[in-house]
Amino acid sequence: MKIIFLRIFLILSFLSVFSSSIYAQTGATTGSFLIKIKDMQQISIQGATVTVKQLETGFEKTAQSDASGQIEFLQLPPGPYTIVAEAENFTSKDYKLFLNVGINGLITFQLAPSGTVETIDVIADISMFRTESSTNTTRERIEELPINRRGFFTFAITAPRVVPDRLPGFGTAATSGLSFNGLPGRVNNIKTDGLDNIERGSGSVNTVFSQNSVDEFQVVSDGYSAEFGRSIGGIINIVTKKGGNDLHSSLFFLNRNDKTSSRDAFATFKPPFSQNQFGLTLSGPIKRDKHFFFSSFERLTVKQNSIVTILDSTIAAANRRGFNEANGPAPTSLGTTFFLFRSDFNLSSRDTLTVRYDGNFSFNSAFDPIGGLTAASNSTIQDLSDNGLIINNVYTGNTFINETRFRLGRRDQKLFSNNPGPQVQLLNPEGRVLLGLFDNGVQNR
């Protein structure tokens with residue numbers, strides 16, 4: 001009964017993506033193989049049986065070669081694969097390789113006649129290519145490259161034609177933080193598991209999650225195909241991790257504090273500082289080869305001080321007018337929590353289903369930066385909660401592929417001013433001094 005309702009939902013959604021050619025990216029979260037079967041004289045073999053199997057989940061597809069000896073396997077989830085080619089009166093061959101998102105593999109097998117003694121195991125050609133102007137950041141690079149506060153998103157600037165956005169990456173007017181081909185950071189699109197994950201009003205990233213939840217992501221700078229779109233800039237295409245047949249777990253903890261950190265150059269003493277970041281992941285099978293789960297949790301807590309360098313005479317003048325300002329260290333705090341739970345189902349060799357929940361909760365007492373000539377009063381306090389639910393289904397028929405993707409997201413961002421006002425801007429010999437209400441900060445979303 002559940003399968004019947006699922007089929008009805010697929011038909012009503014009418015989001016069919018018809019298979020046309022291996023040479024286009026066939027899915028936002030998948031890759032593909034075009035396999036050619038030939039004998040040792042380079043003659044195509046019709047009716048050869050080829051099986052591709054994803055080693056982590058046991059997901060398997062089998063098909064037979066056509067008159068030209070070719071077989072297309074589309075909409076394959078990324079990961080390690082084994083490919084086995086068999087034909088009557090020929091010796092079988094197998095090969096293992098890793099398939100990344102957006103990659104199209106072209107593999108030619110040469111099968112020797114049965115009973116032939118081979119000294120060299122020949123595979124005529126293996127090519128992994130993409131048609132998009134894209135760069136893939138794999139799980140190995142995400143795990144091994146150093147990055148501050150585990151912000152995996154920053155790895156996107158390692159791709160060609162991508163640089164940090166010049167607009168500030170903070171406040172209610174924050175952007176995606178990335179500029180593609182010189183365009184502003186508000187015109188990009190961030191996709192997670194094939195669905196838009198961006199706030200249309202500002203272009204900022206909607207739900208953020210732990211670096212440990214990311215399998216890989218694809219940076220598409222230009223010339224992208226119909227799987228993407230809704231952007232005149234670039235695309236960041238993120239694929240989250242999923243569970244497999246083996247049970248895996250991880251745990252990490254990071255601590256930084258004022259005992260191991262140097263003194264700020266503008267401070268007369270070393271102010272208190274502490275940063276704790278910890279998290280864990282757990283993944284594995286619920287039913288082997290059929291049902292899997294992946295879960296992650298991460299927490300970041302930072303207590304630090306920003307150094308206000310406004311002159312003593314300016315501070316004294318402001319306080320005589322009723323302000324309560326001080327220079328030197330101004331204490332701030334930040335706390336963020338990330339949750340993600342993903343469940344994957346291999347309903348059949350043609351049908352897969354994914355359900356994922358993610359949550360991002362943040363508190364920041366200095367949402368707009370302070371320090372220097374900006375007093376502690378001229379900032380806002382952020383209280384943010386982001387929740388998202390996604391459902392993805394991919395069904396592969398004999399002559400068509402149907403993708404159904406659904407996302408429900410809710411963002412609740414409350415901003416409070418550190419000071420009721422008024423705002424004061426002073427143009428002194430020391431520069432532009434900001435005191436009091438931050439007039440652009442109180443913008444709930």
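**Exercises on salt bridges and a sheet**

K259 is exposed, with a relative accessible area of 70% (exposed means over 50%, buried under 20%, partly exposed in between, with a 1.4 Å probe and protein chains only). The model is predicted: local features need pLDDT of at least 70, side-chain atom pairs count only at pLDDT 80 or more, and totals for chains, interfaces and linings use all residues. Residues are numbered from 1 along each chain as its sequence is written, and side-chain values use heavy atoms, with hydrogens and water left out.

**Exercise 1.** Describe the salt bridge between R139 and E56.

*Solution.* Step 1: the closest N and O atoms are 3.2 Å apart. Step 2: R139 is in helix α2 (residues 139-144) and E56 in the loop between β3 and β4, 83 residues apart (helices are DSSP runs of H or I, at least four residues; strands are runs of E, at least two; both are numbered from the N terminus). Step 3: R139 is buried at 18%, whereas E56 is partly exposed at 29%.

**Exercise 2.** Give the strand order of the open sheet that contains β3.

*Solution.* Step 1: strands pair if DSSP finds at least two bridges between them. Step 2: six bridges join β3 to β6. Step 3: the order is β4-β3-β6-β7, with antiparallel pairing.

Methods: Salt bridge = Lys/Arg side-chain N within 4 Å of Asp/Glu carboxyl O.
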